[in-house]
Amino acid sequence: MIEPIRAQPTLETSRLVLRPIRKSDAGLIGLYAGDIRVSGPTRSIPHPLPPGAPEAFIEQAQNPARVEDVWILDGSGADLAEVVGVIGLKRLDRRQGELGYWLAPAYWSMGLAREAVQALIIVNPQASKTMFAEVFQDNARSARVLSDMGFTYLGDAETYCVARKTMVATWTYLRNME
């Protein structure tokens, strides 16, 4: 059985604060997640983004019975936006976690995803033995982030992409945390 997550730490990197999501983040989440360049490389963000989707996402992320921690990548301390992206860690059984993230296109190629992933690896807030991640095969940047952060390629698969309304080929990665 997967236990619900109760406490969520705030994490800091040189340019980001990874903090719990707030209701006030809805506007920027909606702006960025509504862009096909953000929703297209994810499994679950629809395109177009329906009304109320950011608020529903925030409500789910704040639910005490959730099985996924969601952090906002807040760059305001480094003269970036208050929301530059989102990173999540879903708790799976047997002390495993599944990592997922997205960045607003204006912040691509700045190393921010790498910083956020590294922070989660260092802190390992759910005491995971293993972290998994999956990227679409047409998203080489995210694949590079994972391999640079010590994730090992496991194999090919495919999953349904809500935004694209089709099955998409994926690469699956694993990182041992112990």
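Okay, hi everyone. Before anything else, keep in mind that we're looking at a predicted model.

Let me start with a pair of helices. Two packed helices are described by the angle between their axes and the distance between the axes. As for handedness, the crossing of α4 past α5 is right-handed.

Who's actually touching whom? On the α4 side you have Ala 113, Arg 114 and Val 117, and they meet Arg 144, Val 145 and Asp 148 from α5. If you sort that contact by class, you get three nonpolar residues, three charged ones and no polar ones.

Asp 148 and Arg 114 form a salt bridge through their side chains, at 2.5 Å from N to O. Since Asp 148 sits in helix α5 and Arg 114 in helix α4, the pair ties together parts that are 34 residues apart in sequence. And are these two buried or exposed, or something in between? Asp 148 comes out at 45% relative accessibility, so it counts as partly exposed. Arg 114 is at 28%, so that one counts as partly exposed too.

How many does the structure hold? The count is 13. I'll pick out a couple more.

Take Asp 74 and Arg 19. Their side chains meet in a salt bridge, 2.9 Å from N to O. Asp 74 is in strand β3, residues 68-74, and Arg 19 is in strand β2, residues 17-20, so this one ties together parts 55 residues apart in sequence. Asp 74 is buried, and Arg 19 is buried as well. This pair also belongs to a network of salt bridges, which links Arg 19, Arg 22, Asp 25, Asp 74 and Glu 82.

The other one I wanted to show is Arg 164 with Asp 138, again a side-chain salt bridge, at 2.9 Å from N to O. Here the partners come from loops: Arg 164 from the loop between β7 (152-161) and β8 (166-176), and Asp 138 from the loop between β6 (130-136) and α5. They're 26 residues apart, and the pair links distant parts of the chain. Arg 164 has a relative accessible area of 31%, so it's partly exposed. Asp 138 is at 53%, and the cut-off for exposed is over 50%, so Asp 138 is exposed.

Okay, a couple of buried residues next. Ala 33 is in helix α1, residues 26-33. With 5% relative accessibility, it counts as buried. What does Ala 33 touch, once you skip residues up to four places away in sequence? That would be Val 38, Ser 39, Ile 45, Leu 49 and Trp 102. For Ile 45, which is 12 residues along the chain from Ala 33, the C-alpha atoms are separated by 7.0 Å.

Then there's Thr 170, over in strand β8. Its relative accessibility is 0%, so Thr 170 counts as buried. Leaving out neighbours within four places in sequence, Thr 170 is in contact with Glu 134, Val 135, Phe 136 and Gln 137, and also with Gly 155, Asp 156, Ala 157, Glu 158 and Thr 159.

Last topic: backbone torsions, for those of you who like to check them.

Which peptide bond is cis? Look at the one from His 47 to Pro 48, with omega near 0°. Pro 48 is in the loop between α2 (36-39) and α3 (53-62).

And two non-glycine residues have positive phi. Asp 79 has phi near 60°. Asp 79 is in the loop between β3 and β4 (85-92), and with a relative accessible area of 75% it's exposed. Asn 124 has phi near 45°, and sits in the loop between α4 and β6. Asn 124 is at 16% relative accessible area, and buried means under 20%, so Asn 124 is buried.

That's my tour. Thanks, everyone, and over to you.

Terms used
Residues are numbered from 1 along each chain as its sequence is written. This is a predicted model: local features need pLDDT of at least 70, side-chain atom pairs count only at pLDDT 80 or more; totals for chains, interfaces and linings use all residues. Side-chain values use heavy atoms; hydrogens and water are left out. A crossing is left-handed if the near helix is turned anticlockwise from the far one by less than a right angle, and right-handed if clockwise. Helices (H or I, at least four residues) and strands (E, at least two) are DSSP runs, numbered from the N terminus. Contact means heavy atoms within 4.5 Å. Ala, Val, Leu, Ile, Met, Phe, Trp, Tyr, Cys and Pro count as nonpolar, Asp, Glu, Lys and Arg as charged, and the others, Gly among them, as polar. A salt bridge is a side-chain nitrogen of Lys or Arg within 4 Å of a carboxyl oxygen of Asp or Glu. Buried means under 20% relative accessible area, exposed over 50%, partly exposed in between (1.4 Å probe, protein chains only).
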